[in-house]
Amino acid sequence: MGTRRVHLAEVVIFCAACNSEAVQAPIAQPLAKPAIEYVNPLIGSGGAGFAQGNAFPGATMPFGMVKVGPDTSGDLAAIGFAHAAGYWYPDTFIQGFSHTHMEGTGVADYGNILFMPTVGMDVSKTNEIGYQSRFSHSTEAARPGYYAVTLEDSGIRVELTASERSAAHRYTFPAGAPPVVLIDVCHTLGTGECRGARIDISPGDRDISGWMINKGDFGPIFHVYFSAQFNRPIIEYSLWNKGELLPGQSGFEVLENGSDAGAYLGFEVTGATTVEAQVGLSYVSVEQARLNREREIAGKSFEEIRAAAENAWSKIMGGIEATGGSERERTIFYTALYHSNLMPTLFTDVDGRYVGLDKQIHQADGFRYYTDFSLWDTYHTLHSLLTLLAPDRQREMVVTLVKMYEQHGNFPRWPLASSEAGTMVGTPADIVIAESYLKGIREFDSALAYEGMKKSAGTDGPRGGIKDCLAAGFCPADKMGGSVSLTLEYAYADYAIARMARALGLESDHATYLERSQTYRNQWDDDTQFFRPKTTSGSWADPDKFNPAGILQDHYVEGNAWQYLWLVPYDVSGFIQLFGSRDAMLRKLDTFFQSSVENPAAVIPLGGTPYPMPDPYYWHGNEPDIHAAYMYTLAGRPDLAPRWIRWIMDTKYTDGPDGLPGNDDAGTLSAWYVFSAMGIYPLAGTDVYLIGSPVFGRSVLHLPDGNFVIEARNASPENLYIRSASLNGRPLREPWFRHADLASGGSLLLTMGSSPSSWGRTDPLVP
């Protein structure tokens, strides 16, 4: 819809640009292969320390409840920071294949209901050391919806695929080998533990089912239920408990901290035996897990399930046609788009049932409920991308957040499974909801949402220390940790609430929250030109210890004064006033980025592995300064931004296992790349897109109401600066535009050159 209209606009824009001083490059050719074939799920699954991506390489559907994949161990065993997604590329052992994982988090959780094929059985295989196997990356195959590997110790070929709530396993055993499948019901990631388990085997039905109670590193406790059926008769079986085999028992339940329970199933030897299992999951009950399996994959072959998964991913990847650039850049781009569609996690069963944050079972009506929102991270980029490419899904996520407020009493920051983990700071749900509403997503209870947003900002909401912050006009360092970060995050959220209030016609509230969004000024230090911690009395906290480039400072949450300096993108005009002039602010920004080049992160050895520490200046592996290169554009100087935008893309991302510069944080870093490579970037909490420096000559966004085409003529590694621009057939003189300009389709034509130009130089943006 809207394709013909877009093509006509492109012709008009092309003719208008014919007299450009730049020589016109040919229009980028179509992709040489389907977009899905550029995706490599192993990108970002390696790295180390604070430069570790923790990307999930296994099989799943977009936002799937089931993420089935390998859990590995090696020189660093399976400690949490190296295995938050279960898998770490440098490892040499696979422990097994569990069904629940996250994408790019910095804390380990899930890793539940582990299956592991093996040859023969004895009591030594009732723990991870006994049943793990060596593996080689040379035998791995990782593609959207599919993962395969050969276990070197046994020669078993493992293949995995998934539907939304179920997994399909296919194990091919060597000829003559006695086929056994282990099920470690109590397996968890990191330092997580099993608080109880139930296992029931029905050999006549080729069925095993049960549940476990997970207590992971994030903290919340929840039940995971499963129901599995095999394609072959079970001829031998046993349960185990804490390393003791329990032959002859078909049912077992244990309720204690540190439970260790599992089972093994033996199958008949028939030459090169292939054993297949279909596994359904639920967080409601075993019956619901069985229902999910039966509705989604029962009666389907492994290849049919795999084809359905690949088809779902092909549709996602086909949402953007990015041509031009290099093969490497297309691989990074489409893998980033893939990673941007893994979380949040679907939490409703096939019939709409789910467990809410109130621990009660609810019925979703007209939407699907999600969990695993890493909101402190994802409000910067991920939800902006979903709002653009998949507004119907983003609407479901907003409805979910409103339901969480209704059932829990507050908007969450980091809901995991059926609990609020409470990780990180601020009230980022306010920013996500406001931006969604401003960009036209309106089919949710906006009155209830706004009620929750006002509560977020109130003294009975989730903002820690808010009474002291309101009394002082900033968050005082003698009352709370991370005080500077809290002031800045609360102010950003207040700005989003103000924008929401205005959109709802609540002018008095708009004025109130807009004024509150200015409290960031109250921690400004004219002498150092940083936001610094203050005590209740108004004096600087720890003045002798202030080091703006020190890593992980006490008064800043996961950052330092340099990195939090830029967390006012919604009020660049006011921010500039603090420096006295735009030129002074730009000089500070120049110093920030130049210091980032000259002072990279320190690297320390840990067990023979180089272990990068946090960057002291620009830290792309974390969120507070992730937008910093676009502060040039916000200040009305888009000619200064491309150098650093391209530097970030060229040096912080690769097409290998070290491809991410830090935890992907549920797709946040990946979404940054998707936007930046196309040449546009969202200002979180608003309806504004900033124009940056596109990598691709042509990006076609297949939006629900029409195609939007970004044409970057002459784009290349050398031609990174914009010399002229047109939007929907009209000259564009400012380096930004609004969501309404692209939502129904259209075109953005950018003419690129090798040196900065005067295009786009203007007054700072006032959103």
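A disulfide (a pair of cysteine sulfur atoms within 2.5 Å) ties Cys 186 to Cys 194, with an S to S distance of 2.5 Å. Both partners are tucked away: Cys 186 has a relative accessible area of 8% and is buried, and Cys 194 is buried as well, at 2%. Buried here means under 20% relative accessible area, with a 1.4 Å probe and protein chains only. The model is a predicted one, so local features need pLDDT of at least 70 and side-chain atom pairs count only at pLDDT 80 or more, while totals for chains, interfaces and linings use all residues. Residues are numbered from 1 along each chain as its sequence is written, and side-chain values use heavy atoms, leaving out hydrogens and water.

The disulfide count comes to two. Cys 469 and Cys 475 make up the other pair, with sulfur atoms 2.2 Å apart. The torsion about their S-S bond is about 110°, so this disulfide is right-handed. Cys 469 and Cys 475 are both buried. With the bonded cysteines numbered in sequence order, the pairing reads 1-2, 3-4.

A cavity is a set of points on a 1 Å grid over the protein atoms alone where a 1.4 Å probe fits but cannot get out, and lining residues have an atom within 4 Å of a point. Grid points are joined across faces, edges and corners, and the volume is the space filled by probe spheres set on them. The largest cavity comes to about 80 Å³. Its lining includes His 380, Tyr 492 and Leu 690.

How values were computed: 1 Å grid on protein atoms, 1.4 Å probe; cavity = no way out; pocket = protein on both sides within 12 Å on 5 of 7 lines; lining within 4 Å. Buried < 20%, exposed > 50% of the residue type's maximum accessible area, 1.4 Å probe, protein only.
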